[in-house]
Amino acid sequence: MAMKPSEPIAYARLGQVGARSPLVIAVPHAGRHYPPAMLEAARLPRSALETIEDRYADLLVSDAVQAGAVAIVAQTARAYVDLNRDEQEIDPVLLTTRPSPGMLIASPKVAGGLGVVPSRIAAGGAVWTRPFSEAELEARMAGVHRPYHAAIAAAMDEAMAVHGIAILLDCHSMPSLAGRGPSPRVVVGDRHGRSAATRFVAAVMGTVRDAGLTVARNHPYAGGHTLDLHGQPRRGRHAIQIEVDRSLYLDPPGLEPGPGLAETRRLVQAIAAALEDEARGLALAAE
């Protein structure tokens, strides 16, 4: 059945059928589909909601996909549902009824307004004109959140079956970081060592340095729900997040792809290749 343009779209799966590579790429925050019903319920204009996108981060993975990786790319906007949050990370102000004990997770992200359904953003404050019923929130999880993560899990299962190992690269973009000395242009997250073996993190960081860019590990971004859910190193399933400085690939206003897009695509492809090489080396060593 054809998807109606007004309905939320969970994800697009890019790449060939079958696991040519042990690498799976995820892009959770670059969706640009804004369902009309969502915009009607929003207090803020679409232009404000777009400020929490990882703007055009989906364009960064095309070279890696062409080289053999599979990518699961979110299509619906982050303002509708944040795919890098647990389903229980809900701000109580969004609920029409009082939550039962243990129903919600009170995380720092929720406190900052950026739970699984964002409640407020820096670009304008409160996002919605009204709270939502549990059924409305459940529709967002069932329609977008769960299918997206199920697609990642299925792709990693395919990689495990073919290669005996699976690596998830969760791709994000970030505003430029200010600080003393050279600021990182890429931040690599592994949940402080919990979601991936150190050798894979080292491969990513080494590739970034080889490209002449500064890189940091786990600060200020250590990864989120996606790494917690899919990173199981003891089972051969590794998950790493990268945050790429948007100024590397967007124009100076930060609104459209810029002259650095092609080079940043090559960087992501080089990161993908380094992870694939490390995974294959580990698999051979285990034989």
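Analyst: A polar contact is a pair of N or O atoms within 3.5 Å; within protein, one must be able to donate a hydrogen and the other to accept it, and residues adjacent in sequence count only if both atoms are side-chain atoms. The model is predicted, with local features needing pLDDT of at least 70 and side-chain atom pairs counting only at pLDDT 80 or more, while totals for chains, interfaces and linings use all residues. Residues are numbered from 1 along each chain as its sequence is written, and side-chain values use heavy atoms, with hydrogens and water left out.

User: What makes the pair formed by the side chains of N218 and D190 a polar contact?

Analyst: The side chains of N218 and D190 are 2.7 Å apart in this pair, and the limit is 3.5 Å, so the pair is called a polar contact.

User: Where does N218 lie, and which residues is N218 in contact with, leaving aside its neighbours within four places in sequence?

Analyst: N218 lies in the loop between strand 8 (215-217) and helix 7 (225-230), where helices (H or I, at least four residues) and strands (E, at least two) are DSSP runs numbered from the N terminus. Taking contact to mean heavy atoms within 4.5 Å, and leaving aside neighbours within four places in sequence, N218 touches V187, V188, G189, D190, R191, H192 and G193.

User: Why are N218 and R191 called buried?

Analyst: Buried means under 20% relative accessible area, exposed over 50%, and partly exposed in between (1.4 Å probe, protein chains only). N218 has a relative accessible area of 10% and R191, in the loop between strand 7 and helix 6, has 18%, so both values fall under the 20% limit and both residues are called buried.

User: How do you know which strands are the edge strands of the open sheet?

Analyst: Two strands pair if DSSP finds at least two bridges between them, and seven strands form an open sheet with mixed pairing in the order 1-3-2-6-9-7-8. Strand 1 (11-14) and strand 8 each pair on one side only, and these are the edge strands.

User: How many cavities of 30 Å³ or more does the structure hold, and which helix gives the largest share of the lining of the largest cavity?

Analyst: On a 1 Å grid over the protein atoms alone, a cavity is a set of points where a 1.4 Å probe fits but cannot get out, and lining residues have an atom within 4 Å of a point; grid points are joined across faces, edges and corners, and a volume is the space filled by probe spheres set on the points. The structure holds one cavity of 30 Å³ or more, and the largest cavity has a volume of about 40 Å³. Helix 5 supplies the largest share of its lining, three residues.

Note on methods:
On a 1 Å grid over the protein atoms alone, a cavity is a set of points where a 1.4 Å probe fits but cannot get out, and a pocket is an open set with protein on both sides within 12 Å along at least five of seven lines; lining residues have an atom within 4 Å of a point.
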